[in-house]
Amino acid sequence: MNNRRQFLRAASGAALLGAAAVSRAAQGAVPEAPLQTKPETQGPLAPPSGRPYNPVVTINGWTLPWRMNNGWKEFHLVAEPVRRQIAPGMTAHLWGYNGQSPGPTIECVEGDKVRIFVTNKLPEHTTIHWHGILLPNGMDGVGGLTQPQIPVGKTFVYEFEMKKSGTFMYHPHADEMVQMAMGMMGFFVVHPKNPNFMKVDRDFVFLINAFDIKPGAATPTVNTMLDFNLWCWNSRAFPGIDPFVVRTRDRVRIRFGNLTMTNHPIHMHGYDFEVTGTDGGWVPKSARWPEVSVDVAVGQMRAFEFDAIYPGDWAIHCHKSHHTMNPMGHGVPTMIGVDHRGVAEKIMKLVPDYMVMGERGMADMGEMEMPLPDNTLPMMTGRGPFGPLEMGGMFSVVKVRDGLARNDYKDPGWFQHPPGTVSREWNGPLPPAPAAPAAQRPRAASTPERELRAVKPAPGHKH
Ligand SMILES: [Cu+2]
């Protein structure tokens with residue numbers, strides 16, 4: 001983690017040019033704004049001061065350090081252009097906070113008095129709205145409605161007391177569509193005052209975001225309304241999304257918020273779970289029901305919990321299948337069942353590299369080495385212990401393992417299956433095909449009309 005002294009020096013240099021980011025007096029009062037540029041999951045930040053709590057782990061992200069100042073917990077966010085590796089092989093030019101999109105997770109405790117400095121290093125004005133947090137109206141961060149916009153180069157301060165614990169987020173309420181389409185958002189967790197309330201052993205958080213970055217480009221198309229092509233968790237797409245590493249028998253919570261323009265049914269394999277929280281608060285026990293998928297609508301947050309009693313590599317993904325794909329290839333026509341060998345031969349005489357795609361489905365693309373434009377992810381990619389995964393976008397793995405240390409979030413590698421527990425090819429005799437019960441045999445009424453017409457009347461039959 002680098003510190004921000006360099007930036008503050010640069011800012012005071014800029015003051016000479018009449019574009020002061022922070023006034024000299026304010027500079028003395030503003031805490032450092034730590035910077036993070038590594039895309040890997042940074043692990044929990046144990047609270048060095050203030051009330052005790054059980055920290056969260058931000059998937060491919062980090063938690064913003066703070067300082068205590070006369071009973072106030074002080075944070076410093078810097079809104080700025082950033083470079084974010086979406087997955088190895090592709091880096092996007094986004095806007096974010098403190099070196100990354102999304103910005104750092106802010107963690108504090110119910111009852112805390114929080115002061116957040118926001119410095120605007122974007123090329124346009126901004127604000128921050130604290131989504132779901134109960135606060136004075138003037139701290140709500142809606143540019144033009146509850147405050148003036150934060151001009152380029154200026155620092156504003158937000159101050160409020162945490163009235164309740166829960167799962168929240170922050171994002172601009174300024175140039176709405178552009179700033180979120182560029183990646184400006186962050187997670188905000190308020191821990192309960194009693195660390196034993198809703199206590200879990202592992203608590204993961206991430207934001208769901210989407211970009212429209214044309215193959216070969218690096219900057220999102222910001223005026224896109226629905227047709228996004230990069231489906232991300234914390235501005236990362238598979239295989240760039242780190243695994244959720246869990247110790248067998250841990251109580252686990254996974255929390256996420258949706259800042260895309262469509263809903264995402266988040267599905268986890270191997271377990272059932274209960275939704276225990278939303279951005280509105282904790283769900284009482286009597287109001288929970290079991291699920292294996294939970295849909296998260298636009299602008300919503302969900303937290304679910306389970307006891308990790310089944311070791312394994314359990315997929316976790318959005319259940320919209322085009323959300324587990326990367327950009328390339330969606331413009332390809334469906335060729336399943338089309339025999340175009342003759343056509344391909346003719347075209348290959350004209351275009352030597354011509355490649356026929358998709359006549360048996362698209363699975364071959366998981367393995368194919370296709371020429372891609374620079375800075376572009378393959379549509380389906382990633383390898384597992386049994387071959388190509390044929391995935392992209394919103395996909396990761398919950399890795400439940402015996403014998404991990406309490407705070408060990410290192411990737412433990414692939415699951416070692418107990419002998420005889422993996423699906424395998426069957427080489428023995430097949431059971432005879434069962435006869436359909438009489439009730440299920442096709443009746444004349446269900447025979448397609450075309451076939452009915454083809455049936456010739458029996459000799460001597462009269463209409
Ligand atoms: Cu989705």
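This is a predicted model: local features need pLDDT of at least 70, side-chain atom pairs count only at pLDDT 80 or more; totals for chains, interfaces and linings use all residues.

Me: Is Ile-116 buried or exposed?
Reply: Ile-116 lies in strand S6, residues 113–120. Strands (E, at least two residues) are DSSP runs, numbered from the N terminus. A residue is buried if 20 or more other C-beta atoms lie within 10 Å of its own, exposed if 12 or fewer, and partly exposed in between, with C-beta atoms placed from the backbone. Ile-116 has 23 such atoms within 10 Å, so the residue is buried.

Me: Which residues does Ile-116 touch, not counting residues up to four places away in sequence?
Reply: Touching means that the C-beta atoms of two residues, placed from the backbone, lie within 7 Å. With residues up to four places away in sequence left out, Ile-116 touches Phe-75, Leu-77 and Tyr-158.

Me: Which residues touch the most other members of the largest nonpolar core?
Reply: A nonpolar core is a set of buried Ala, Val, Leu, Ile, Met, Phe, Trp, Tyr and Cys residues joined through C-beta atoms within 7 Å. In soluble globular proteins, nonpolar side chains tend to be buried together. The largest core here has 91 residues, and those touching the most other members are Phe-188, Leu-230, Ala-237 and Phe-256.

Me: Which strands stand at the edges of the open sheet of 4 strands?
Reply: Two strands pair if DSSP finds at least two bridges between them. The order in this sheet is S5-S10-S9-S7, with mixed pairing. Each edge strand has a single partner strand, so one side is left without a neighbour in the sheet: these are S5 (106–109) and S7 (129–131).

Me: In which sense do S5 and S10 pair, parallel or antiparallel?
Reply: Cys-108 stands opposite Val-190 in S10. S5 and S10 (residues 186–191) share 4 bridges, and the sense is parallel.

Me: Which residue in S19 is the bridge partner of Pro-265?
Reply: S19 belongs to an open sheet of 5 strands with the order S13-S24-S21-S15-S19. S15 (residues 264–268) and S19 pair in the antiparallel sense over 4 bridges. In S19, the partner of Pro-265 is Asp-295.

Definitions and conventions. Residues are numbered from 1 along each chain as its sequence is written.
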